[in-house]
Every structure is written in structure tokens, then in C-alpha cells.
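Hi everyone, thanks for coming. I'd like to walk you through a structure today, so please have a look at the screen.

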Amino acid sequence: MDRKNGRVMKEMDLRIGKLITEEWTHILKDRRLFAILFFVPIMYTVLFGSIYVHHKVTEMDTVIIDEDQSPLSRQIIQAFEQSESFQIIKEYHSEEDVKRALSSGEAKVGLIIPSNFEAKLKHGETLPLLTLIDGSNMMISNSATKGANEVITTFSMGYSQKKLQMQQGLQSEQVMNTLSPIPYRYRIMYNSAFNYSDFMLYGLVGAILQQVLFLGIALTITREKDAGTWQRFEAWKRNPWRIAYTKTAPYFLINLFNTAVTFVIALYAFGAPMNGSLLIGLGVILSFTFAVSGIGYLISLFSSNQLGATQTAMLIAVPSFMLSGFTWPFEAMPKALQVFGHLLPLTYFLDGVRNIFIKGNDMSVVWHDCVSLILTGALTYFIAMLLTRFVVFSKKKTQEAADSTKPALHSGTNISV
């Protein structure tokens, strides 16, 4: 009889409607889970939609060389200035200066107008315009190639039409049949074959390394909290660096190992470019690992359990790649997202990787990436140590004291009764 009653009770506890109600109650009570389920998809949709709000890359920084200094060359420069695709920022006097501007990231496009360009064009000789384009970002190279082609083709048609009508008195229909376009060619720097693996592989590897490191470190303290062993570290309260070092050093070394392995695979198995110094690349990797470790440690310190730490780490890691400027350039993002993107360590890591491994630059170009990453790590570790020293264990102690007084009050009440 007792077995039968027990079976009936179990069946009542396993009713589908009751369990669904319990699940809904849990979702509604857990604020973090509720936000992830209902607000995060909307938030990321708005975020990613805002990234592409301009629909195309515009106002690409452009430098020029005008060796011709003719009315025609000035008209061509004016046509580029009037195009929404380009923004002329400086004029140089040698091709090496233009290449240096593209290599350092000062400019994305270089326009070179050769000497005697107008004179030779009038005599029917072909002396082409040349555009040098930064191909380390394929969004830039595709947009710049298309934009330059549109500007020159449109200008060429207008110039040829005017020239033929003035010189030969041809009608518009006859002009269209005898147009001779202005010769034009482009040179894609750093990725002349438009190879997507050269462009995307390093970015995706960087995003994966960040996500794994975030996840590992974010769980390091919450694992102690879930196991009930976190309080033992109170002995190091006055030396919080010991806790930070103990809990993050293994993951720091693991990330260095993972980075070395993944980059070797990218280089030798998939032919990713390697044009710069490995030593400088190591400096960027160390700085990146330090920054991500600091953020992950701070997340773990704030979180009450492993689930909360995982959720917070993923909220930061997921949009990082899109906001890093690696695929969609910062110039085409709204200002607010540009600021947010520059707060993320992946932005500086991928900028450094692109400059070293793809462009072959030296430390003079990437030092600011290293400094930004080191400052990020130092600031987050400093905040975490302050919290450990003055807040974390004090808060825990207060909670325990409050809990310990409750039984005493109850026992006192029982005695009086």
C-alpha cells in the first residue's frame, strides 16, 4: 500500500504541466537567465544592425601624389574628393611615402597621377592612373576598387565627351561610340589575390583564443565558490596579488601554448601569411593574454557561480569579433560603436596581428596596441585586487555573521519560553 502511494506521489510530481510551470517560475525568478533569453537576442540584433547602418564603406582615408600638376589632374583629384567613398587627407611626393602610409594604417588608398599625364593623354598615349589599396581588409579593398573604378569611369566619360564635342563637333550619340576611357590600374597591397583565408583566418583564431581564455579564467574563482573553498583565500586578503597570480597563471601559460599551436597550424597547414617578426608578434600575444586574463579574473570575482561567470564572459566575447574593426572597418561604424570597440582587447590584438603578420610592420606601428592591452590588464587586475582587499571577504564575513546570529536568537527565544 505504501509503495502504491509512493508511486502515485511520484507520478503527481512528474506531471508535465507542473514541471513546465516550475521551469517558467525558474526563468522568471532568475534575472540573468531572463535577460539572456529575452533581451540578448534583441540587443545583439540592434548592435549588429547598427554596425552596418551605413550599408557600405565610405570616406576611406586617401593620400595622393600629383606629379602632373595639370588642370586635368586637379579635376581628377576633385572628382575623388566629391565621391563619398574617399576622403583625401594628405598629399605626398613619392610612391614610397604612399606605401608607408598604407602600411602604418594612416591611409587605406593611395592615388598616383603620373607626370605628363594630360599631355600624353591628348596625344593618344596611354599613361595610366594608379591606385594603391590596402588589401589586409577585404571590405576596404573591394570598396576601394569599386569606388575608384566608378569615379574614374564617370570622370573619363565626361572628359572624353567634352573633348570630342569641342574638337570634332560630334553629337552625343557619336561621342558614345568613340569614347576613349582614361587608362587606370590598381595594385592591391598585402593580399593581391583577394585570398579570404589570408584575411579571415587570423581574425577567427584570435576570437577563439579570447573566448577560450575568458571561459577558463571566468570559472577559476566561481569554481571555488561553488565548492565552498573560496573562504580559505582570506588568509591572503592583504596580499591579493597572490590570489590573482595563483588563479590566472596556469591559464596564461595555456593560452600561450594554444596561440603557438594555432598559429603554427595556420602558417604551415593553411598557408597564412607571415611577413613580420615573431618576437614582436610574441609581444602582442603576451599583452593580449594579460589583458584578457585581467578581465576574466574580474568577471570571476564578481560572479556568484560558474553559470553566471560563463554567461557574462560570453556576453563580452560574442560581439568582440564584429566590433574589432577586423572585418567591418571602424570608419563605417557609428561613433558610439567605434568607442565601444576600442574598449575590447580583441580589437588591439587583431590590429597588431594584421600589422605584423600580414603587413610586416615593426614595433613602431604596433606599440600603441601593446600599451593599450597592458593598460587594460593592469587596470582590471588593480580593480580586482582592491575589491579582494576591501570588499569581497569583508562582505562574506558580514554575511556569515548575520547568518550565525539567527540560530542564537532562536535558541534564546526557546529558553525564555
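This is a predicted model: local features need pLDDT of at least 70, side-chain atom pairs count only at pLDDT 80 or more; totals for chains, interfaces and linings use all residues.

Now for their surroundings. Asp-134 has a relative accessible area of 2%, and because buried means under 20%, Asp-134 is buried. Lys-359, at 11%, is buried as well.

Lys-247 is in helix 12 and Glu-224 in helix 11, residues 220–227, so the pair ties together parts that are 23 residues apart in sequence. Both Lys-247 and Glu-224 are buried.

The other one pairs Arg-187 with Glu-95, and here the closest N and O atoms are 3.0 Å apart. Strand 5 (residues 184–189) holds Arg-187 and helix 6 (residues 95–104) holds Glu-95, so parts 92 residues apart in sequence are tied together. Are these residues buried or partly exposed? Arg-187 counts as partly exposed at 29% relative accessibility, and Glu-95 counts as partly exposed at 30%. There is also a network here: salt bridges with shared partners join Glu-95, Lys-99 and Arg-187.

Now let's turn to the rings. The count comes to 10 aromatic pairs. Take Phe-80 and Phe-86: their centres are 5.1 Å apart, with 50° between the planes, which makes the pair tilted. Phe-80 is buried at 1% relative accessibility, and Phe-86 is buried at 3%.

Tyr-202 and Phe-263 make another pair, with ring centres 5.4 Å apart and planes at 40°, so this pair is tilted too. It links distant parts of the chain, since Tyr-202 is in helix 10 (residues 196–218) and Phe-263 is in helix 12 (residues 240–268), 61 residues apart. Tyr-202 counts as buried at 1%, and Phe-263 is buried at 6%. Together with Phe-357, Tyr-202 and Phe-263 form one aromatic cluster.

Phe-80 brings us back to helix 5. This helix runs over residues 71–82, and its 12 residues reach 16 Å from the first C-alpha to the last, close to the 16 Å expected. Which residues in helix 5 are buried? They are Leu-72, Ser-73, Ile-76, Ile-77, Ala-79 and Phe-80. These residues cover an arc of only 155° around the axis, so they lie on the same side of helix 5. As a reminder, an α-helix has 3.6 residues a turn, so residues three or four places apart point the same way.

One last stop: Phe-393, in helix 17, residues 363–416. Phe-393 is buried, with a relative accessible area of 0%. Beyond the residues up to four places away in sequence, Phe-393 touches Trp-230, Gln-231, Phe-233, Glu-234, Lys-237, Ile-243 and Thr-388. From C-alpha to C-alpha, Phe-393 and Glu-234 are 6.5 Å apart in space, yet 159 residues apart in sequence.

Technical notes: Residues are numbered from 1 along each chain as its sequence is written. Side-chain values use heavy atoms; hydrogens and water are left out. Rings of Phe, Tyr and Trp (its six-membered ring) pair if their centres lie within 6.5 Å; planes under 30 degrees apart count as stacked, over 60 as edge-to-face and the rest as tilted. Buried means under 20% relative accessible area, exposed over 50%, partly exposed in between (1.4 Å probe, protein chains only). Helices (H or I, at least four residues) and strands (E, at least two) are DSSP runs, numbered from the N terminus. Contact means heavy atoms within 4.5 Å. The expected span of a helix is 1.5 Å times one less than its number of residues. The arc is that of the directions from the helix axis to the C-beta atoms. A salt bridge is a side-chain nitrogen of Lys or Arg within 4 Å of a carboxyl oxygen of Asp or Glu.
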